[in-house]
Amino acid sequence: MKIAMASDHAGYALKAEIKAWLENEGHEVIDFGTDSTESCDLSDYVYPASLAVAKGEAERGIFVDGVGYGSALIANRIYGLNAAVCQDPFCAKLARQHTDSNVLCIGGKIIGSGIALEIVNVWMHTDVLSGIDKYTNRIKKVQAISEKHLKKLSEV
């Protein structure tokens, strides 16, 4: 699977660990940066990575910043992205099963690499609960909100 990755300076070290794990698992990682711990603006990296997922150049995205919420705020402004902030494996499982999230956001200042790698593992190996009406209907309702308020990339 192709995975778009991005981080700011606060997430750089954890992003590098997650990237190595993903590549070891056989995934192709497209790294949008940053490439150091020097202070930078998160949007300069998460926005292009988000566009790559929205355009289908990557199947999913994993973004790491200080707490995860900045990445999610950026990603969720792009049509077709469903970004979830996960700080434990249980949340990662539900983010895939219940919302079909295609972007995982992690806080490098919040969690260590051991739990982060378990979160990524669970998120990467969990499928959406398709065929269960209550979850399918909830996902469709969120998609309808996106249809109403966000522009498709082809319309931009």
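Among contacts in the protein between residues at least 6 apart in sequence, 70% join residues at least 24 apart; contact here means heavy atoms within 4.5 Å. The structure is a predicted model, in which local features need pLDDT of at least 70 and side-chain atom pairs count only at pLDDT 80 or more, while totals for chains, interfaces and linings use all residues. Residues are numbered from 1 along each chain as its sequence is written, and side-chain values use heavy atoms, with hydrogens and water left out.

**Overall architecture**

The protein contains six helices and five strands. Helices (H or I, at least four residues) and strands (E, at least two) are DSSP runs, numbered from the N terminus. Read from that end, the order of elements is β-α-β-α-β-α-β-α-β-α-α. The radius of gyration is 15 Å, close to the 15 Å that the globule rule gives for 156 residues, so the protein is as compact as a globular protein of that length. That radius is taken over C-alpha atoms, and the rule is 2.2 Å times the number of residues to the power 0.38. Along the principal axes, the C-alpha atoms fill a box of roughly 45 × 35 × 25 Å.

Of the 156 residues, 41% are buried. Buried means under 20% relative accessible area, exposed over 50%, and partly exposed in between (1.4 Å probe, protein chains only). The protein exposes about 8,000 Å², of which carbon and sulfur atoms supply 50%; such areas come from the Shrake-Rupley method with a 1.4 Å probe. The mean positions of the 16 positive and 20 negative charges are 10 Å apart. Lys and Arg count as positive and Asp and Glu as negative, without His and the chain ends; each charge is placed at NZ of Lys, CZ of Arg, CG of Asp or CD of Glu.

Strand β5 (residues 103-107) has five of its five residues buried, so it is largely enclosed by the rest of the structure. Val-103, Cys-105 and Gly-107 point one way from β5, and Leu-104 and Ile-106 point the other way. In a regular strand the side chains alternate between the two faces of the sheet. Two strands pair if DSSP finds at least two bridges between them.

| Partner of β5 | Bridges | Direction | Residues standing opposite |
|---|---|---|---|
| β3 (residues 60-65) | five bridges | parallel | Asp-65 and Gly-107 |
| β4 (residues 83-85) | three bridges | parallel | Val-85 and Cys-105 |

Ile-62 lies in strand β3 and is buried, with a relative accessible area of 0%. Although Ile-62 and Cys-105 are 43 residues apart in sequence, their C-alpha atoms are 5.9 Å apart. Not counting residues up to four places away in sequence, Ile-62 touches several residues, including Ile-3, Met-5, Leu-22, Leu-104 and Trp-123.

**Loops and local geometry**

The peptide bond from Gly-33 to Thr-34 is cis, with omega near 5°. Thr-34 is placed in the loop between β2 (28-31) and α2 (43-54). Asp-100, in the loop between α4 (89-99) and β5, has a positive phi of about 55° although it is not a glycine. Asp-100 counts as partly exposed, at 30% relative accessibility.

Asp-88 is found in the loop between β4 and α4 and is partly exposed at 28% relative accessibility. Asp-88 and Leu-153 are 65 residues apart in sequence, and their C-alpha atoms are 32 Å apart in space.
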